[in-house]
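Subject: Structure for you to look at

Hello,

Here is the structure we talked about, with its sequence. My notes on it follow below.

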Amino acid sequence: PASSHKESSLGMCPDKEPGLQPWMPGHSEDHRVTIGYGRKVLLTTSATVHSIEILNGGKLVIADNNRPIMLRTKHILIGNKGELHIGSPDCPYKGNLTISLFGSDQEHSYFGRKYIGVGTGGTLEIHGEKKLSWTFLNKTLHPGESNQNNYLFQRSWGNRGIIIHVIDPNTGEVLQDDRFDTYRSKDESHRLAKYMDGVEAGLILAMVVNDEGSNNLEDSYVCQLVSYNSHHLPSAVRPQASISIDMLSNSSILELADQPEGWGSRDRVVVASTDYSMHQAEEFTLLSCPTCTSNQVKVQGKPQFIHMGEEVDGVDMRAEVGLLSRNILLRGEMEPGCYGNEACNFFNFDTFGGHLKVERGFRAVHISGVELQHMGQQTMGHYPVHFHMNGDVDERGGYNPPTSVSDLSIHHSFSRCVTIHGSNGLLVKDVVGYDTLGHCFFTEDGPEERNTFDHCLGLMVRAGTLLPSDRDSKMCRDITEGAYPGYVANPRQDCSATSTFWIANPNNNLINCAAAGSEETGFWFIFHHVPTGPSEGLYSPGRTEHTPMGQFTNNRAHSNYRAGMILDHGVKTTKANDKDKRPFLSLVGARYGPHQDADPFKPRVPALIHHFVAYKNQDHGAWLRGGDVWLDDCQFADNGIGLTLASGGTFPDDDGSRQQVKNSLFVGESDNRGMRFPDNRIWGPGGSDPTGRTLPRGIDFPIRGMQIYDGPINMQNCTFRKYTALDGRHTSAFGFRLNNSWQSCPNNNITSRVFFGEPGPWFNKMQMDGDKTTIFHDIDGSVSEYPGSFLVKEDNWLLRHPDCIDVPDWKAAICSGRYAQIYVQTRNPANLNMHIVRDEYPNRPLTLEGALGKRKHYQQFQPVITLAKGYTIHWDQAAPAEVTIWLINFNKNDWINVGLCYPQGTAFTIISDIHNRLTKQTRKTGVFMRTTQKEKINHSHLARGYYYWEEDTGLLFLKVKAHNDRGQYAFCSVKGCERVKITAVIPKGSPPSNCMAQAYPRHAELPVVDVPMPRKIPNASVFLLLNLNSPPQQHLEMYSLILKWLLQQ
């Protein structure tokens, strides 16, 4: 349906086209206008009409003249072969035009009401004056700051006498200056007196004496000087003197990073917050300023808050300054209060603004240099700018030049900023979105690809009612439409995701963009397992979870509550039912693993995040889940937690992926201290000099820099600064996720001179499974001074041996050994606890509750174990009918012996198999036969293994061994995940299967050191070269104590 469209006459202004008929329709809200059948008209004056429909070769052009034009109408519909032109790319509109959409008339079947609609075959060309869309402050703006002009009087021999400057008190500008050598000549006294008599009242007279000036200064003139209402200066200036003119006018000067092209007096600008609260953004009106430099503007009023205009501790924290005014204004006319819809339950103002919508098959749409105010509606499908189900809108779709919206200011809106729905290849450039409801820059259904957001700014993004992800906690609980009866909302899981950039497909480009304040998140990459809404069926299930990421470069996020950036989660793509009562499009889990051509059987393609800046985000700078995700040259400062990496290698879905952070800077508490004001409840001591400052979450919230969830993760050449613990508040530059039931890969690496600043301890009594099973590998001894050693939790006797060295201050032990993991999955029942005992330490069992909660249909226990040892496993209930043991991070020929406790009279079927993570297929590889000789379990082969059932103790013994090689970053072998599956028939009414009293001391063994402890080396460096071999539940307490000790050496 699309066709190539070019300007009919290059360089010609649209309103100068021959054959246009002047059109002056007058003012009547009942006048329905149709422009068709080849009619071409030029609107030359203001007008009010009911509606305008342009079709069948009709064309409406707005005249560009010296008189402002206001066009009021309920809607403008541009139909097939209809055209609306306001300026052109080569001839921007220079006058002042307002299109005001009014009323709440009967809905049009497709576009709704209060709209500009571009239908199939329609053309919309709007091009206002080119203006700088947004830039940065280049000098910090302080609250209530007055403006000073400083004037320097330099001492110079031969220039003695009295030097005078006459200064305008309103602008600080020097109007006149002169010098009077009253040392040499009395004539100079007369000239001085005459000069002073000529100075107008109300001006400032600044006077200094250079060298000497009294020799020929007559007494009568001295009296005349004294008679002035003056502030006396010293009679002599040493090398120099300066005078500061403090202007008390109600104005401020903004120093900008770029020349404010096109900005003029009475234009409005917004200056973003540079603290945790987005509500510190401030609007200003520009004033005329003849004395401003090319990079300065004067604004009316004084700021209430500090706005940073500089780099702080190596992090660019300059406030964004966005232009709100344009010479073309598209606005909705609003009622004084809310009326007529459910939004009034949450808002006390009218939310029924105008909207602009583009239908599939349009002929051409290019919009630039436009201000959109009071646009959008709290109803589905009605947004300030909305491309709806357009398919490809660039060259692929036959559009030349490609479709674009640029240099727009969208502010004080009621539903989003720019919505891209089922459309690809749209360029959104230099757009400012300010003070809106719901996701601002929004991609909707999942198939939207190849769209580019270039140099876009969004700030003050508030919750809206439309989607669960738009809603805040109150809306989430109160809006039950689409939920199944009995649904009880969990707002932090189901909703509460309002974002400045909501990206439903990773194959979109975000370049030079700023998310400068949202109620929840700056950038959120979300996944639709299948496309939703009218896009249903446009891609195969799971495609977006494997789609490579587009370009993500030089973006920044600050002043957000939940996170600067999230790469995680999906939306629910099924309707509510009795099994899942949540509404359609509620937040759900998802895993991201990008592969070539979105095909998991093809090579991985890392998602590259380059030069991302995240500061002053209350919870996280960034939370990124996926493999492979690689960050380079990023900056994180003043976030509750700087960066959390949660790997997409979550077993066993995308085994073998990894995450990477390189050349990045982490700052705990910078010199951007914020400011105290009555509404700020979170103020307290902080920083290396514990002065007052705004804090991310609370005065005792433990600030962290880099946090690992699982892994594997590679960290290289990263710098950590200003992580300082205080009394009552723990701080850590680097650590693992706490109070965590999950596991971590044993191959987390921190390599290459990573400096950790001054972290402090964080003491915690964490009792979840992951908290109990911590271990990391100190490759070169820079932590422990024992190269190749492991640091383990002091009370984990699955990992210790007699030569381990206790470090009580760390609550840890330094050990040596070979370690891996097993996953023990249980079914029927799944709500039991597991006790695992190493035969060498029978009195030191480790109790695990499982990683999945007690309501799942299966459970998973994830201990780290020492290889080549024997263990017994016991339960707090009768043993489960199904146990599957997965070998995790086992290399070829690694093994352990296991005795599992079962009730007497149990019958067994035991097999070995391999599970392929990609095909989701499981292939049987062998069976286990019963043997009457316990030693024979050590002679098992791949196809045939042996188990020994010791009925008097209730222990089923077998050997689990890896038979295949494992890739560098993989949990499982190259052929799949090797497993042993035990299916048991348990006698009914059996007691709890705890055989410890019968097993020991019968099967106890003397502790043996299989891997000798390494030799201690002197003078370990404070630069750390570590291999973190640990579950993410690593004790931050232990790690922080290590670092604190290290820095004290």
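Two strands are taken as paired if DSSP finds at least two bridges between them. Please keep in mind that this is a predicted model.

Strand β1 (residues 21–23) runs parallel to strand β3 (residues 40–43), and three bridges join them. Within β3, Leu42 is the bridge partner of Pro22. Strand β3 is also joined to strand β6 (residues 59–62), again in parallel, by four bridges. There, Lys59 in β6 stands opposite Lys40.

An open antiparallel sheet

Three strands make up an open sheet with antiparallel pairing, in the order β16-β15-β17. Its edge strands, each pairing on one side only, are β16 (174–180) and β17 (204–210). On average, neighbouring strands in this sheet are turned by 15 degrees against each other, direction ignored. Strand β15 (residues 161–167) is joined to β16 by six bridges, and Ile167 stands opposite Val174 in β16. Helix α1 (residues 186–197) packs on the sheet and touches β15, β16 and β17. The direction of helix α1 makes about 165 degrees with that of β16.

Aromatic rings

The whole structure contains 29 aromatic pairs. In one of them, the ring centres of Phe441 and Phe501 are 4.7 Å apart and the planes are at 10 degrees, so the pair counts as stacked. Phe441 lies in strand β33 (residues 441–443) and Phe501 in strand β36 (residues 499–503), so that the pair links parts of the chain 60 residues apart. Both of these residues, Phe441 and Phe501, are buried. Phe501 also pairs with Phe523: the centres are 4.7 Å apart with planes at 10 degrees, so this pair is stacked too. Here the link is between β36 and strand β39 (residues 521–527), with Phe501 and Phe523 22 residues apart. Phe523 is buried, as is Phe501. Phe441, Phe501 and Phe523 belong to one aromatic cluster, whose members also include Phe453, Phe720 and Tyr723.

Two charged side chains sit over rings. The charged end of Arg72 is over the ring of Phe102, 4.5 Å from its centre, and that of Lys934 is over the ring of Phe957, 4.5 Å from the centre.

Confidence

The protein chain has an average pLDDT of 87, and 85% of the residues score at least 70. For residues 231–239 pLDDT stays under 50, and the model has 11 contacts beyond four places in sequence for them. Residues 1020–1049 also stay under 50, with 156 such contacts. Where pLDDT is low, the predicted coordinates should not be read in detail.

Regards

Key:
Residues are numbered from 1 along each chain as its sequence is written. This is a predicted model: local features need pLDDT of at least 70, side-chain atom pairs count only at pLDDT 80 or more; totals for chains, interfaces and linings use all residues. Side-chain values use heavy atoms; hydrogens and water are left out. Helices (H or I, at least four residues) and strands (E, at least two) are DSSP runs, numbered from the N terminus. Axes are lines fitted to C-alpha atoms, for helices over the stretch in contact, and angles run from 0 to 180 degrees between N-to-C directions. Contact means heavy atoms within 4.5 Å. pLDDT is the predictor's confidence in each residue, from 0 to 100. Rings of Phe, Tyr and Trp (its six-membered ring) pair if their centres lie within 6.5 Å; planes under 30 degrees apart count as stacked, over 60 as edge-to-face and the rest as tilted. Buried means under 20% relative accessible area, exposed over 50%, partly exposed in between (1.4 Å probe, protein chains only). A charge sits over a ring if NZ of Lys or CZ of Arg is within 6 Å of the ring centre and within 35 degrees of the ring normal.
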